[in-house]
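Please open the model in a viewer and keep the sequence at hand.

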Amino acid sequence: LCAVLSVPACGAPPNEPSVLGSGTRAAPVLRVVDGDTLHVRLEGRDVTIRLIGIDAPEVDWNGGRAQCFGARAERFASGILEDERVRLEFDEERLDPYDRTLAYVYLNDGRMVNVVLVRRGFARVTIYPPNDRYEGRLRAAEDAARSRGAGLWSACS
């Protein structure tokens, strides 16, 4: 695995292993919308990416009400993603009903952002088959976050 990835990925924390399957694409992040949605430049286009397997609380936009921990999730996601170049990994279905591209997103050090957000308590696991390749990893991260009372697990009812 480490021969395929860049050297920093080999040093990824053991509780957030790096795994990149075939069919990954590199893309610069243009902006973060909220805790589970971002925009990247892919093939010269601005593409909306929806993180697979997670649901972050909503932020206050389009007249809707913000959910508990929504603003914090957005700030955390922005902090780790803005001005970064990420790798995208796709599962079985590439688009959601809103025409957003569905992906697992990886940082340069090999950590999967989807897992990081759940483990830190900024998102819950939400699986929509057939996009369930990393359901086990995501559920383990959620169990760990819940048991520690991390993020939304301590602040939201």
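Begin with R146, which is partly exposed, its relative accessible area being 42%. The model is a predicted one, and each stop should be read with that in mind.

E142 is buried, with a relative accessible area of 8%.

D143 is partly exposed, at a relative accessible area of 46%.

The charged end of R146 is placed over the ring of W153, at 4.3 Å from the ring's centre.

**Second stop: other charged pairs**

Side chains of opposite charge can pair when their charged atoms come close. The count of salt bridges in this model is 10. Select D109 and R111 for another of them: the closest N and O atoms of this pair are 2.8 Å apart. Is D109 buried, partly exposed or exposed? D109 is partly exposed, because its relative accessible area of 24% lies between the limits of 20% and 50%. R111, by contrast, is buried, with a relative accessible area of 15%.

Next, select D36, R50 and D55 together. These three residues are linked in a network of salt bridges.

Move to D96, located in the loop that runs between β5 (85-89) and β6 (101-106). D96 counts as buried, at 10% relative accessibility. Its side chain is joined to that of R100 by a polar contact of 2.5 Å. Which residues does D96 contact when neighbours within four places in sequence are left aside? They are R50 and L102; R50 was also part of the network with D36 and D55.

In the loop between β5 and β6, select D99 as well. D99 has a positive phi, near 65°, in a residue other than glycine. It is exposed, with a relative accessible area of 60%.

For a separate charge placed over a ring, select R94 and F90. R94 lies over the face of F90, 3.6 Å from the ring centre.

Select D83, in the loop between α2 and β5. Its phi is near 65°, a positive value in a residue other than glycine. D83 is exposed, with a relative accessible area of 76%.

Then select P129 and P130. The peptide bond that leads from P129 to P130 is cis, and its omega is near 15°. P130 is found in the loop between β7 (124-125) and α4.

Select L38, V40, L81, L88, V105 and L117. These residues have the most contacts inside the largest nonpolar core, which has 42 residues. At least two residues of this core come from each of β1 (25-34), β2 (37-42), β3 (45-51), α2 (70-81), β5, β6, α3 (113-119) and α4.

Not counting residues up to four places away in sequence, L38 touches several residues, including V29, V33, V47, I49, L51, L81 and V105.

**Last stop: aromatic pairs**

How many aromatic pairs does the structure hold? There are two. For one of them, select F76 and F122: the pair is stacked, with 4.5 Å from centre to centre and 15° between the planes. It links distant parts of the chain, since F76 is in helix α2 and F122 is in the loop between α3 and β7, 46 residues apart. F76 counts as buried at 17% relative accessibility, and F122 counts as buried at 12%.

Y104 is buried, with a relative accessible area of 1%. Y134 also counts as buried, at 9% relative accessibility.

Technical notes. Residues are numbered from 1 along each chain as its sequence is written. This is a predicted model: local features need pLDDT of at least 70, side-chain atom pairs count only at pLDDT 80 or more; totals for chains, interfaces and linings use all residues. Side-chain values use heavy atoms; hydrogens and water are left out. A salt bridge is a side-chain nitrogen of Lys or Arg within 4 Å of a carboxyl oxygen of Asp or Glu. Buried means under 20% relative accessible area, exposed over 50%, partly exposed in between (1.4 Å probe, protein chains only). Helices (H or I, at least four residues) and strands (E, at least two) are DSSP runs, numbered from the N terminus. A polar contact is a pair of N or O atoms within 3.5 Å; within protein, one must be able to donate a hydrogen and the other to accept it, and residues adjacent in sequence count only if both atoms are side-chain atoms. Contact means heavy atoms within 4.5 Å. A nonpolar core is a set of buried Ala, Val, Leu, Ile, Met, Phe, Trp, Tyr and Cys residues joined through side-chain atoms within 4.5 Å. Rings of Phe, Tyr and Trp (its six-membered ring) pair if their centres lie within 6.5 Å; planes under 30 degrees apart count as stacked, over 60 as edge-to-face and the rest as tilted. A charge sits over a ring if NZ of Lys or CZ of Arg is within 6 Å of the ring centre and within 35 degrees of the ring normal.
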